[in-house]
Amino acid sequence: MNAIGVVGLTTAVKLQEKGLHKVTIIAAKLPTDPKAIDYTSLWAGAHHVSHAAHDAKQMAIDKETFDVMWKLSARAGAAEHCFMRVPQTDYLLDGRDECLDWMPDFKSLPSDALVPGALAGTSFTTVSIDTSVYLPYLLARFLSAGGSIVRGSVQHISQVIEGGPGLFRRGRADSSLVDALVVCPGLGARTLGGVEDKDVYPVRGQIAIVRAPWIEFGRTLSHNAQGLWTYIIPRRSGDVIIGGTKEDDDWYPVARPENTTDILKRCFALCPELVPPEIRAEREGTIEDVRALIVEEGCGFRPQRKGGIRLDVEWAPGREGQGKIPMVFNYGHGGGGYQSSWGSASIALELLEEALVSGSA
C-alpha cells in the first residue's frame, strides 16, 4: 500500500492485540512522515459524528468505534492526549434525521435555536481527534504489541504473497509463508494489482487550520444530498479545523485560494466566535480577522466507494504447494474512516479468523 491510514492502522492494532497473529504492515508512508496529498488520514478533521443514519449495519460499526474512542478519551485514559470531548451542534439544512439520539447529552434543538436556513438541529457531546497525534499513537500501540513495519510500495498483492515482507525489507523473499493478507489500501484500491476496484473514487476535501484555542465546541451546517458541509472542529492543541468541500472525482492536489476564501466566509457566518475575543471586545469581527489565524491549509482525497465499505474475503493462490490463502478487504470508508475504524476492524478480524478456521475457499 502507499500509506497506512487510520483504517489500516486500527485493523493492524486489532489483529496484533488479539495475540493469535504476527502482523506486519507494509506501507510506503507512515504517520510520522510529512503531510502529503496521498495520505488523507493526516488531513482529516476529525470528529466522531456518524453519517450512517438509517443504515443499521453502518451505524453498528460507528457506534462500536465511538465507544472505543470515548473510553480512550477519558481523563487519564490511554489516549486522552489525542482527543477532546466537546459539545457539538449540528444544523441540518435538509431537516434529515441523523439518528444520533444514542450520543451523550443528545437533544433536538427547538426552532428558535436554529440558524437561518436550517430545518432541524441537534446537540450532543462527542470527541474531536487530533489526527497528527492519534495516528502515531496507533502506530506506537501496534509496535508495542509486537507488530512489525516494513516500508514498501506494493504494486500487486501477488508480490506480498510470494515474497512476504522480506521482499520489501531485503529485496528477497522470506522463507516463511504468508498465511493471510488484510488489504486496507484506501484510494489505492483503484490501482492496486489484484484489487483494481473501479468503484473507488476520490472525494476531494479542502480545509484550513486556524489557531483559536478559545474555541471549545464543534459546529456543523450541512445538506446531505447537496454535499454541502461547513464545520468547525477544535483540537486539544488549540488548533481548529475549518472546512470544507466535497468534490467527487476532483484530483487537484493543493488548496485552491478560492476554496479557502469560501470556507472562511461560511465558517465565519456559522461561528463568528472564531474572531479573537480581544478583537470582538473592541469591534465587530471580519473574515480577514479569521484569515489572519490560518496556520496551514490543504486538502485530501477521501477514498469513497460506490456501495459503501468493502468488508469481505477472497482467496488467492499461495506459493507453490501452499494452496490458497485468504485476503480480507477493508476499504471504501470515504470521509468516515475515523468514525468507523474500530467497528470495521472488528469485522475484518472476524472474517480473518473464520477464513483461517475454514482453511479453503
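Author: What follows is a chat about a predicted model, going from the whole chain down to single residues.

Reader: Fine. What makes the chain as compact as a globular protein of that length?

Author: First the inventory: the chain holds eight helices and 14 strands. Its radius of gyration is 21 Å, and the globule rule gives 21 Å for 361 residues, so the chain counts as compact as a globular protein of that length. The C-alpha atoms fill a box of roughly 75 × 40 × 35 Å along the principal axes.

Reader: Which residues have the most contacts inside the largest nonpolar core?

Author: Met69, Phe83, Tyr134 and Tyr338, in a core of 38 residues. The elements giving two or more residues to this core are helices H1 (6-18), H2 (56-72), H3 (131-144) and H8 (337-358), plus strands S1 (24-27) and S4 (120-129). There's also a second, separate core of 23 residues, which includes Ala212, Ile215, Leu264 and Cys271.

Reader: What is methionine 69 in contact with, leaving aside its neighbours within four places in sequence?

Author: His48, Phe83, Val127, Ile129, Tyr134, Tyr338, Ser341 and Trp342. Phe83, Tyr134 and Tyr338 are also on the list of residues with the most contacts inside the core.

Reader: On to the backbone. Where are the cis peptide bonds at alanine 46 and glycine 244?

Author: One joins glycine 45 and alanine 46, with omega about -10°; alanine 46 is in the loop between S1 and H2. Another joins glycine 243 and glycine 244, with omega about 5°. Glycine 244 lies in the loop between strand S10 (239-243) and strand S11 (247-248). They get a mention because most peptide bonds are trans.

Reader: Why is alanine 53 called partly exposed?

Author: Its relative accessibility is 24%. Buried needs a value under 20% and exposed one over 50%, so alanine 53 lands in between and counts as partly exposed. Alanine 53 is in the loop between S1 and H2, and its phi is near 55°, a positive value in a residue other than glycine.

Reader: What about cysteine 99, buried or exposed?

Author: Buried: cysteine 99 has 17% relative accessibility, and the cut-off is under 20%. Cysteine 99 also has a positive phi, about 60°, although it is not a glycine. You'll find it in the loop between strand S2 (83-92) and strand S3 (107-108). For context, most residues other than glycine have a negative phi.

Reader: How do you know that serine 41 is buried?

Author: Serine 41 has a relative accessible area of 13%, and anything under 20% is called buried. This serine is in the loop between S1 and H2. Setting aside neighbours within four places in sequence, serine 41 is in contact with Gly5, Val6, Thr131, Leu135 and Tyr338.

Reader: What makes isoleucine 149 partly exposed?

Author: Isoleucine 149 has 25% relative accessibility, so it counts as partly exposed; the band runs between the under 20% and over 50% limits. Isoleucine 149 lies in strand S5 (residues 148-151). Beyond neighbours within four places in sequence, its contacts are Ile25, Leu30, Leu139, Phe142 and Leu143. Isoleucine 149 and leucine 42 are 107 residues apart in sequence and 19 Å apart in space, C-alpha to C-alpha.

Reader: Last one: why is asparagine 2 called partly exposed?

Author: At 33% relative accessibility, asparagine 2 counts as partly exposed. Asparagine 2 is found in the segment before H1. Not counting residues up to four places away in sequence, asparagine 2 touches Ala27, Ala28, Lys29 and Asp38. Asparagine 2 and glycine 332 are 330 residues apart in sequence, and 15 Å apart in space, C-alpha to C-alpha.

Technical notes
Residues are numbered from 1 along each chain as its sequence is written. This is a predicted model: local features need pLDDT of at least 70, side-chain atom pairs count only at pLDDT 80 or more; totals for chains, interfaces and linings use all residues. Side-chain values use heavy atoms; hydrogens and water are left out. Helices (H or I, at least four residues) and strands (E, at least two) are DSSP runs, numbered from the N terminus. The radius of gyration is taken over C-alpha atoms; the globule rule is 2.2 Å times the number of residues to the power 0.38. A nonpolar core is a set of buried Ala, Val, Leu, Ile, Met, Phe, Trp, Tyr and Cys residues joined through side-chain atoms within 4.5 Å. Buried means under 20% relative accessible area, exposed over 50%, partly exposed in between (1.4 Å probe, protein chains only). Contact means heavy atoms within 4.5 Å.
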